[in-house]
Amino acid sequence: MGMAEKSKNWVLMVTAQTPTNIAVIKYWGKRDETLILPVNSSISVTLDPDHLCTTTSVAVSPTFDKDRMWLNGKEISLSGSRFQNCLREIRHRATDVEDEEKGIKITKKDWENLHVHIASYNNFPTAAGLASSAAGFACLVFSLAKLMNVKEDPGQLSAIARQGSGSACRSLFGGFVKWEMGKDETGSDSIAVQLADEKHWNDLVIIIAVVSSRQKETSSTSGMRESVETSLLLQHRAKEVVPKRIAAMEEAIKKRDFPSFTNLTCTDSNQFHAVCLDTSPPIFYMNDTSHRCIEKWNRSEGTPQVAYTFDAGPNAVLIARNRKVAALLLQKLLFYFPPQSDTDLNSYVLGDKTILKDAGIEEMKDIEALSPPPETKDKTPTNKYTGEVSYFICTRPGRGPVLLDKSHSLLNPETGMPK
């Protein structure tokens with residue numbers, strides 16, 4: 001072996017952070033289950049990693065006897081095909097690595113026999129239904145590629161992340177991202193491309209209502225499979241509807257045309273959920289709270305001020321045209337969906353707290369003092385839906401993956417075990 005003869009107990013480590021993303025033109029349905037090739041292209045906005053992200057540390061050492069992974073402090077199995085595919089594809093592209101300081105030299109050949117330790121942490125609850133697998137697999141692939149000195153660009157890496165989780169390919173870029181469905185049956189052209197960076201449309205503010213959901217959702221993996229097998233609407237959507245919407249959405253993003261963006265985002269979310277209803281047996285992701293989030297809309301403004309989109313779960317993702325609209329939207333949401341009396345405001349509105357300040361809300365009593373939104377004037381008394389929303393997250397379009405310094409590491413630099 002070409003590895004440093006000096007000592008056998010060195011540990012080499014890399015830590016990275018990757019954002020999550022929310023699709024505005026939805027991915028629903030695979031044409032190839034193993035390679036994770038979609039039936040249509042999709043477009044997403046990457047969310048600010050300060051508010052929603054995965055941090056992953058990956059380490060290699062000759063003392064490790066097998067690949068191991070810990071998620072949020074708990075060891076998980078790497079035996080699943082999705083992990084295995086990502087690990088295999090990255091190892092296959094590894095190149096020579098030299099760390100002169102530590103006197104370590106790893107050749108391309110050595111990587112085949114070396115094992116890795118992976119520790120990953122989501123700064124948001126995994127169960128909240130906020131695309132944790134997207135950020136997770138993107139981060140796994142990005143950090144391993146850095147550790148193993150993989151020379152591929154983010155687009156090519158996205159084709160590997162895609163084999164972990166379809167939407168993960170879109171988390172390798174910031175801003176607005178398109179996942180090209182591709183034509184090749186090997187999947188080589190089913191990759192993510194950046195349409196615009198996070199600074200391109202930085203007026204946008206995104207408020208996510210994390211809806212208290214008692215039932216476990218149909219997993220998106222099995223839901224998609226059932227839709228592909230049983231929904232005629234899905235066939236029509238993939239062939240006739242989405243290609244036109246992709247083109248129109250690219251244009252809307254390029255021109256920062258908010259009315260078109262809103263129309264496309266809302267109708268595509270609606271159609272995705274219609275496909276779910278058109279599946280046998282039908283899949284219900286949205287619940288009463290989700291529907292209320294749409295109804296409590298400002299229909300009185302002439303031009304659209306807020307777009308909504310829902311993924312495979314009840315959470316509402318609301319995209320406000322600018323900060324001023326976001327502050328009004330947050331007031332309205334807090335009026336209709338106040339927290340339980342024992343909730344701390346700090347844990348009810350997460351992320352960018354300055355929107356809360358813009359809305360004039362400093363403490364709980366300010367929520368109680370909110371006056372009914374203008375459209376309710378004639379329809380008194382107003383229903384409030386206390387406790388239906390677990391919490392809100394205020395965020396914005398954000399950047400793609402980055403490397404972090406040693407201080408953020410989740411593994412002990414001496415042993416390569418979780419800290």
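Let's start with helix 4 (residues 220-230), whose buried residues are G223, M224 and S227. Viewed down the axis of helix 4, these residues fall within an arc of 100 degrees, so they line one face of the helix. Here "buried" means under 20% relative accessible area, "exposed" over 50% and "partly exposed" in between (1.4 Å probe, protein chains only). Keep in mind that this is a predicted model, where local features need pLDDT of at least 70, side-chain atom pairs count only at pLDDT 80 or more, and totals for chains, interfaces and linings use all residues. Residues are numbered from 1 along each chain as its sequence is written, and side-chain values use heavy atoms, with hydrogens and water left out.

**Around helix 4**
- Helices (H or I, at least four residues) and strands (E, at least two) are DSSP runs, numbered from the N terminus.
- The cover over the buried residues of helix 4 includes strand 3 (30-32), helix 5 (232-255) and helix 6 (258-277).
- The arc is taken from the directions from the helix axis to the C-beta atoms.

- Most residues other than glycine have a negative phi, and most peptide bonds are trans.
- I36 isn't a glycine, yet has a positive phi of about 55 degrees; I36 sits in the loop between strand 3 and strand 4 (37-38) and, at 0% relative accessibility, counts as buried.
- R256 also has a positive phi, near 50 degrees; R256 lies in the loop between helix 5 and helix 6 and is partly exposed at 44% relative accessibility.
- From S280 to P281 the peptide bond is cis, with omega near -10 degrees, and P281 is in the loop between helix 6 and helix 7 (288-295).

Notes. Contact = heavy atoms within 4.5 Å.
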